[in-house]
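Q: I have a chain open here and want to go through it piece by piece. Can you take some questions?

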Amino acid sequence: MSSPVSTRAGIVVTGTEVLTGRVQDLNGPWLADRLLELGVELRHITFCGDRPADIEAQLRFLKDQGVDLIITSGGLGPTADDMTVEIVARFCERDLVLDNALEARIAEIVTGLMTRRTGGPLANAEALVAANRKQALVPTGAAILDPVGTAPGLVIPGTPAVVVLPGPPRELQPMWATAVDTEEVQSAIAGRTTFQQQTVRMFGLPESALADTLRDAEASVEGFSRLEITTCLRRGELEIVTRYEPQDAESYSDLLMVLRDRHARAIFSEDGALVDDQVAGLLNGRTIATAESCTAGLLAARLTERPGSSTHVAGGAVTYSNASKTALLDVDSSLIEQYGAVSEPVAEAMARGALRRFGADTAVAITGIAGPGGGTATKPVGTVCFSVALADGPSQVRTVTRTMILPGNRTDVRERSTTVAMHLLRRSLIGDLDVPELA
């Protein structure tokens, strides 16, 4: 889809450890969200190792793309491979000078940290401070961002302006808020557009079906070309993110009507809320227990990730072996022998057993074959049985049980299984189970 014109930005993530995958980059996606909130168009995120020529090449590439703002992350430490400031200064054609006040501030931070770690005065305090003096070298005319850790950030005005931030997310994130308030950044993003962004989430709909709908909407929705639509399939859910300028709100409303008309049963969120958030709200006043075999406790982990949601979770059991299913969840061994460990009767027995074991009023059980190996002609790898048990009283328990065959490798099957379980739980709690994807 076409993209509205706005102030443009690029991000350079430095660090050989990130480039080689030893460390996952968290800063690029986080900064991308912050730029979107500001109405700044992110054009590129680039990655490079700790090599001067490579860092400079990324900066020059982004300048050639006509961006108004470049943000770098990483390479601000005191060691020899931390060279971002030096390269940025050269790129901006500015000299590096020692800022005495900043040097004193860094020395105070470093000695304080080391004193707390050692519990006493430092024998080599001067050498330590000297090693960190490099962090007080600043390009002329740059605005200094106070350290959150030991490394300061910088904003260098120009075309493009450059914001230099540290690599650790715990330092970068609060420092970004300070950077945005500087006169230099505000000047660079003065031409930004205020965008609105809406997110629709669907479950159980193939991407091809959504693609067909969007092609039809392109012909029927006036102003469709001014909507920037991105779609993403994640853990079996479809995420449709639409960004637009305020004057195109009616076009988005028309698009939403098309999605509702075509896929009402698949839409579970129109406000961007995750199924995890919805389930956490639906569990208010209830307690839940889990019984998992092929997912190794991943469902229990998802149920406790939201703030305050752990209060809903009474407990969980991971029961891979048949003996553990019997010992921990009171699953009748004859049931396993008759139907197999991966079967709807066993899944239902596991859910009922979790209710009793943990004294909960809600339970979810998952038993399946994640692979590799272990599958049969009738139960191939990816076969997973789910059951939700709801206790309506001391002796009244309702169960909802389903079987699905999920694609992918072991990790894919496990992750998709937790997503299916969350949606089955959600629909059980709202009493809406007449849907094809859970049939």
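This is a predicted model: local features need pLDDT of at least 70, side-chain atom pairs count only at pLDDT 80 or more; totals for chains, interfaces and linings use all residues.

Q: Where is isoleucine 45 found?
A: Isoleucine 45 belongs to strand E2, which covers residues 41–48.

Q: Which residues make the nonpolar surface patch with Ile45?
A: Leu19 and Phe47. Together with Ile45 they give a nonpolar surface patch of about 230 Å².

Q: Phe47, ok. What is aspartate 25 in contact with, leaving aside neighbours within four places in sequence?
A: Phe47 is one of the residues in contact with aspartate 25, and the others are Val13 and Val18.

Q: And where does aspartate 25 lie?
A: In the loop between helix H1 (16–19) and helix H2 (27–38).

Q: What is the nearest side chain of opposite charge to aspartate 25?
A: Arginine 34, but it is 12 Å away. Aspartate 25 is buried and has no salt bridge.

Q: Which backbone nitrogens does the side chain of aspartate 25 reach, then?
A: There are two to mention. A polar atom of the aspartate 25 side chain lies 3.1 Å from the backbone nitrogen of asparagine 27. The backbone nitrogen of glycine 28 is reached by the aspartate 25 side chain, also at 3.1 Å.

Q: Switching to salt bridges. How many are found in the whole structure?
A: A search finds 18.

Q: Give me one with numbers. What does arginine 262 pair with?
A: Aspartate 216, with the closest N and O atoms 2.6 Å apart. This pair links distant parts of the chain: arginine 262 is in helix H10 (residues 249–263) and aspartate 216 in helix H9 (residues 207–220), 46 residues apart.

Q: What about arginine 226, which side chain does it meet?
A: Aspartate 248, in a salt bridge of 2.6 Å from N to O. Arginine 226 is in the loop between H9 and strand E10 (228–234), and aspartate 248 is in the loop between strand E11 (237–244) and H10, so the pair joins distant parts of the chain, 22 residues apart.

Q: Buried or exposed, for aspartate 248?
A: Aspartate 248 is buried, with a relative accessible area of 5%.

Q: What is proline 160 in contact with?
A: Valine 67 is in contact with proline 160, and also with residues including Arg8, Arg43 and Leu62. Valine 67 is in the loop between helix H3 (52–64) and strand E3 (69–73), and it is buried at 3% relative accessible area.

Q: What about phi at glutamate 93?
A: It is positive, about 60°, although glutamate 93 is not a glycine. Most residues other than glycine have a negative phi. Glutamate 93 is in the loop between helix H4 (84–91) and strand E4 (96–98), and it is exposed at 73% relative accessible area.

Q: And phi at alanine 296?
A: Positive as well, about 50°. Alanine 296 is in the loop between strand E13 (288–292) and helix H12 (298–303), and it is partly exposed at 34% relative accessibility.

Q: Last one, the whole chain. How many helices and strands?
A: The chain has 16 helices and 17 strands. Buried residues are 49% of its 439 residues, and the C-alpha trace spans about 80 × 65 × 40 Å along its principal axes.

How values were computed
Residues are numbered from 1 along each chain as its sequence is written. Side-chain values use heavy atoms; hydrogens and water are left out. Helices (H or I, at least four residues) and strands (E, at least two) are DSSP runs, numbered from the N terminus. Buried means under 20% relative accessible area, exposed over 50%, partly exposed in between (1.4 Å probe, protein chains only). Contact means heavy atoms within 4.5 Å. Patches are made of residues with over 30% relative accessible area and no salt bridge: like charges are joined within 9 Å, nonpolar side chains (Val, Leu, Ile, Met, Phe, Trp, Tyr) within 5 Å. Accessible areas come from the Shrake-Rupley method with a 1.4 Å probe; for residues, only the protein chains shown count as cover. A salt bridge is a side-chain nitrogen of Lys or Arg within 4 Å of a carboxyl oxygen of Asp or Glu. Lys and Arg count as positive and Asp and Glu as negative; His and the chain ends are not counted. A polar contact is a pair of N or O atoms within 3.5 Å; within protein, one must be able to donate a hydrogen and the other to accept it, and residues adjacent in sequence count only if both atoms are side-chain atoms.
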